[in-house]
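Please study the sequence and the structure before turning to the solutions.

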Amino acid sequence: MTHEDELIRQIKKGSQECLDELIRLYYPAILRYCLWHMPDRESAQDAVQETFLKLARFIGRYEHRGQFRAFLYRIAANTCTDMKRRFFSEEFLTAQIIENACYEENGFQLADDRQQLATAFCSLEGEAKELVLLKYGQELTLREIAAITGLPLRTVQTRLRRAIRTMRRILDG
C-alpha cells in the first residue's frame, strides 16, 4: 500500500490531517494544470480550491485502482470546464493565455518563444489541447491521460502525435 493509499484510507475514516497532507502533495500540480485552463491566477486558484472541496466531498466514492491522480485531474478538468462555461468566453480565454505568456519571463527571446508556443497551443482544438497539456504541462503518463480522458491508450497516442505535428507546423510556418 502506498503512502497515498494510506492517506486516502485515513481520510475515509475522517482524518483532517491526512486530507491536508494529500492537498499539500497535489496542490502545486493541480495549480499548474488550472493555470493553463483559466484566464488568470486568481481564477486558477479558485478552481484549485473548488477541486479540493469536491475531492473532500467525493473521496468516499473513490475506489482504489491505482489511479488516484487520474481521479483528481478529472475533478480538476471538470471544475475548470464548469467555471469557464459560467464566467468566460473562449475568445477571452485564448487572448489571456497568449497575453500572460509574454509577461511571465524576463528575457525577451524566452518571452517571444513562450508566446509563439502559447499561440500554437491555443490554435489546437479542445481535446488536442487537453492531451498536450496533460502530457507536457503536467508530465502525466499516457495511461493516466487515457484514464482521465476516457480514451483508449492507442487513441491518446495517435491524437497526441497529431497535436504535436500541428504545433510544429504552426511554429515552423
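**Overview**

The chain exposes about 10400 Å², of which carbon and sulfur atoms supply 50%; accessible areas come from the Shrake-Rupley method with a 1.4 Å probe, and for residues only the protein chains shown count as cover. This is a predicted model, in which local features need pLDDT of at least 70 and side-chain atom pairs count only at pLDDT 80 or more, while totals for chains, interfaces and linings use all residues. Residues are numbered from 1 along each chain as its sequence is written, and side-chain values use heavy atoms, with hydrogens and water left out.

**Exercise 1.** Determine how many helices and strands the chain has.

*Solution.* Step 1: helices (H or I, at least four residues) and strands (E, at least two) are DSSP runs, numbered from the N terminus. Step 2: the chain has nine helices and zero strands.

**Exercise 2.** State which residues of α1 are buried, and where they lie around the helix axis.

*Solution.* Step 1: buried means under 20% relative accessible area, exposed over 50%, and partly exposed in between (1.4 Å probe, protein chains only). Step 2: Asp 5, Leu 7, Ile 8 and Ile 11 are the buried residues of α1. Step 3: viewed down the axis of α1, its buried residues fall within an arc of 160 degrees, so they line one face of the helix; the arc is that of the directions from the helix axis to the C-beta atoms. Step 4: the cover of these buried residues includes α2 and α4.

**Exercise 3.** Describe the aromatic pair of Trp 36 and Phe 121.

*Solution.* Step 1: a pair of aromatic rings is described by the distance of the centres and the angle of the planes. Step 2: rings of Phe, Tyr and Trp (its six-membered ring) pair if their centres lie within 6.5 Å; planes under 30 degrees apart count as stacked, over 60 as edge-to-face and the rest as tilted. Step 3: the structure holds seven aromatic pairs. In one of them, Trp 36 and Phe 121 are 4.9 Å apart centre to centre with 65 degrees between the planes, an edge-to-face arrangement. Step 4: this pair links distant parts of the chain, since Trp 36 is in helix α2 (residues 16-37) and Phe 121 in helix α6 (residues 108-123), 85 residues apart. Step 5: Trp 36 is partly exposed at 31% relative accessible area, whereas Phe 121 is buried at 6%.

**Exercise 4.** Explain why the pair of Phe 68 and Phe 71 is classed as it is, and name the cluster that holds both.

*Solution.* Step 1: the ring centres of Phe 68 and Phe 71 are 6.3 Å apart and their planes stand at 40 degrees, so the pair is tilted. Step 2: both residues belong to helix α4 (residues 68-87), where they are three residues apart, about one helical turn. Step 3: Phe 68 is buried, at 1% relative accessibility, and Phe 71 is partly exposed, at 22%. Step 4: ring pairs link Tyr 26, Tyr 62, Phe 68 and Phe 71 into a cluster.

**Exercise 5.** Which residues have the most contacts inside the largest nonpolar core?

*Solution.* Step 1: a nonpolar core is a set of buried Ala, Val, Leu, Ile, Met, Phe, Trp, Tyr and Cys residues joined through side-chain atoms within 4.5 Å. Step 2: the largest one has 48 residues, and Ile 30 and Phe 68 have the most contacts inside it. Step 3: contact means heavy atoms within 4.5 Å. Leaving aside neighbours within four places in sequence, Phe 68 is in contact with several residues, including Ile 8, Leu 22 and Tyr 26.
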